Amino acid sequence: LITTFPILEKIGIAPVNWLSDHPLLTCTLINIWLGIPFMMVVILGGLQSISKSYYDAASIDGASYFQQLRSITLPLLLTAIGPLLVGTFAFNFNNFNVIYLLTSGKPPMSDISTVAGTTDILISYTYKLAFEGGRGQDYGLAATISIIVFIIIALISIFNFWISGMFKREVRYE
């Protein structure tokens with residue numbers, strides 16, 4: 001994956017070999033690029049769910065744009081899209097397809113003897129242990145890493161729900 005732009009070459013900027021020179025940056029940028037449409041739709045849907053009456057009342061009370069943003073938009077948007085953000089985080093933490101299809105975890109780590117490459121994440125490393133390992137098929141270690149990945153994602157999800165206030169009970173008086 002070498003990008004060449006004739007205009008840039010004329011002013012002295014050399015082409016960049018993204019996959020061999022910057023594999024982690026390339027995987028990160030592609031993952032962000034793939035996630036932008038979904039997050040845009042989610043955020044736009046959350047913004048449309050906020051009632052205009054809140055903003056009308058705030059402007060009558062003399063709230064500035066930034067006060068409305070801080071006190072109305074962001075808290076209501078977070079409650080609307082909080083669970084989707086946690087789900088997106090869990091998906092990206094285990095985003096096997098970007099790593100495996102783009103780089104296959106390469107380049108290999110030169111300083112240690114393992115099947116993991118420099119761009120591997122836990123789930124692609126687990127796949128290599130179970131199905132492509134140089135030491136054979138190590139199903140036990142792969143299963144253990146899968147359980148550890150599940151525990152990590154569960155703990156981070158619980159923490160995110162706790163921070164965002166999703167666990168608070170809504171008290172109704174009837």
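Visitor: Which residues make the nonpolar surface patch of about 640 Å²?

Guide: Happy to show you, and please keep in mind that this is a predicted model. The patch is made by Leu25, Leu29, Ile32, Trp33, Leu34 and Ile36. One of them, Leu34, sits in helix α3, which covers residues 23-48.

Visitor: Why is Leu34 called exposed?

Guide: Its relative accessibility is 52%. Exposed means over 50%, so Leu34 counts as exposed.

Visitor: And Thr73, why does that residue count as buried?

Guide: Thr73 belongs to helix α5, residues 65-93. Buried means under 20% relative accessible area, and Thr73 has 9%, so it counts as buried.

Visitor: Which residues does Thr73 touch, leaving out those up to four places away in sequence?

Guide: Thr73 touches Leu47, Ile50, Tyr55 and Gln68.

Visitor: What makes the meeting of the Thr73 and Tyr55 side chains a polar contact?

Guide: The two side chains are 2.6 Å apart at that contact. The cut-off for a pair of N or O atoms is 3.5 Å, so the 2.6 Å between Thr73 and Tyr55 falls within it.

Visitor: How do you know that the side chains of Lys128 and Asp120 meet in a salt bridge?

Guide: Side chains of opposite charge can pair when their charged atoms come close. For Lys128 and Asp120, the N to O distance is 3.0 Å. A salt bridge needs the nitrogen within 4 Å of a carboxyl oxygen, so this pair qualifies.

Visitor: Are Lys128 and Asp120 buried or exposed, and how many salt bridges does the structure hold?

Guide: Both Lys128 and Asp120 are buried. The structure holds 1 salt bridge.

Methods:
Residues are numbered from 1 along each chain as its sequence is written. This is a predicted model: local features need pLDDT of at least 70, side-chain atom pairs count only at pLDDT 80 or more; totals for chains, interfaces and linings use all residues. Side-chain values use heavy atoms; hydrogens and water are left out. Patches are made of residues with over 30% relative accessible area and no salt bridge: like charges are joined within 9 Å, nonpolar side chains (Val, Leu, Ile, Met, Phe, Trp, Tyr) within 5 Å. Accessible areas come from the Shrake-Rupley method with a 1.4 Å probe; for residues, only the protein chains shown count as cover. Helices (H or I, at least four residues) and strands (E, at least two) are DSSP runs, numbered from the N terminus. Buried means under 20% relative accessible area, exposed over 50%, partly exposed in between (1.4 Å probe, protein chains only). A polar contact is a pair of N or O atoms within 3.5 Å; within protein, one must be able to donate a hydrogen and the other to accept it, and residues adjacent in sequence count only if both atoms are side-chain atoms. Contact means heavy atoms within 4.5 Å.
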